[in-house]
Amino acid sequence: MKQWQAYLERQKPEYLQTRLPRDISAGMVVVIPCYNEQDELITLQSLCDCTLPDEGVIVAVIINSSVVSPHEALLRNRTTFNEITSFASKNNRDSLRFFPLIFENLPRKHAGVGLARKIGMDLAIQHFLDTGNRDGVIISLDADCTVSPNFLTGISAAYRQTVKLCCTVQNFFHRVENNDEKLEMAIRQYEQHIRYFSRMLRFIGFPYPYHTIGSAFSVAADAYVRVGGMGRQQGGEDFYFLQKVFAFGKVKELEQLHVYPMARFSDRIPFGTGPALQKIADEPDGEMKSYHFDAFLALKELFDLRHAFFKQDGSVIREKIGQLHPAIVEFTRRYDVVQEIEECNRNSATLPAFEKRFFHHFNAFKIIKYLNFVHPAFFQPGTLSLQVEKSIGSF
């Protein structure tokens with residue numbers, strides 16, 4: 001566990017001054033960022049109602065604000081801290097602890113959900129290190145979620161039953177309050193878009209075709225440390241972090257476990273569910289537009305050729321790519337993909353090593369860059385329902 005200690009020593013000490021409860025040796029720590037929330041106790045009660053695993057569980061709520069947060073948000077955060085403290089006094093038990101922490105005046109440059117999630121997860125690593133638990137698990141959740149009763153036991157069982165499991169991703173279904181038809185229509189389309197994108201990643205042969213939702217994953221403590229921990233992004237931190245974890249080791253999709261986030265329009269972060277819902281609602285016909293199915297087909301042709309690129313020189317690789325869809329030809333030229341493939345060949349003695357390095361370069365970031373590059377220059381974004389219909393027929 002020396003690597004864990006070295007990792008913690010590189011982090012800002014002011015965020016690690018507080019320790020998670022030491023009267024419980026937790027096997028799992030649930031980390032919940034919380035900023036200006038009104039109904040966080042619903043999330044905590046949902047966890048309280050879960051069937052508990054054999055190992056101890058700590059629920060760490062990271063209540064956070066920045067140097068520029070409005071006064072009303074600060075007051076709400078302090079009320080939240082008192083509410084959770086009271087809730088904990090009534091609901092803590094031998095195998096379950098609710099533990100609020102409040103961080104104010106976080107630097108403007110980094111303050112946000114990414115830093116809050118990172119603080120909580122780093123504290124989880126410190127707890128596992130202090131208690132000598134090499135097999136600790138960190139669960140990521142949000143303060144607007146409820147969970148299925150099997151949530152904690154299902155995650156615990158996955159790590160016990162799967163050797164060297166690094167990560168799990170949980171199923172999801174958003175809640176909609178007050179029978180808001182516009183919001184209901186938007187969120188169901190957005191959920192369909194997430195599943196469509198994951199299905200297309202699997203279809204084109206991408207090895208990490210999993211959804212990346214901040215409230216719907218868990219990670220082994222050792223894997224967390226070895227990929228460098230959570231980033232401090234003010235949005236999308238889940239996506240960036242999970243791409244590293246997916247490439248690191250085994251991932252298991254837990255379809256029978258559900259997280260139920262609250263659907264809501266939001267501009268709190270630059271991208272993610274809230275802004276996506278607003279964009280859908282602003283469409284004149286209320287129909288979400290998504291990446292054209294044919295754009296994935298073109299990319300699949302490139303991915304299908306990857307074995308044929310192994311140990312070939314640049315001229316052969318260019319010749320093979322030149323026979324593909326013009327969108328692929330132009331994208332690979334613009335972003336020096338051939339040079340990247342040559343680099344893969346220079347540093348790979350075997351085909352499996354080459355393939356792993358290939359997808360290190362052509363990762364999820366590059367796939368999204370490709371999709372944005374070819375729309376609308378080569379493919380027109382289409383209605384989500386039509387693209388989903390096409391994709392279903394492809395399997």
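## Helix 12

Helix 12 is followed by Asp336, whose phi is positive, near 55°. Helices here are DSSP runs (H or I, at least four residues) numbered from the N terminus. This is a predicted model, where local features need pLDDT of at least 70, side-chain atom pairs count only at pLDDT 80 or more, and totals for chains, interfaces and linings use all residues. Residues are numbered from 1 along each chain as its sequence is written, and side-chain values use heavy atoms, with hydrogens and water left out.

In helix 12 (residues 326-334), Ala327, Ile328, Phe331 and Thr332 are buried (under 20% relative accessible area, 1.4 Å probe, protein chains only). Viewed down the axis, these buried residues fall within an arc of 120° (from the directions of the helix axis to the C-beta atoms), so they line one face of helix 12. Pro326 and Arg333, on the other side, are exposed (over 50%). The cover over the buried residues includes helix 10 (293-304), helix 11 (314-322), helix 13 (337-346) and helix 15 (364-374).

Setting aside neighbours within four places in sequence, Leu47 is in contact (heavy atoms within 4.5 Å) with Val30, Ile32, Val59, Phe98, Leu141, Val147, Phe151 and Leu152.

Terms used
Helices (H or I, at least four residues) and strands (E, at least two) are DSSP runs, numbered from the N terminus.
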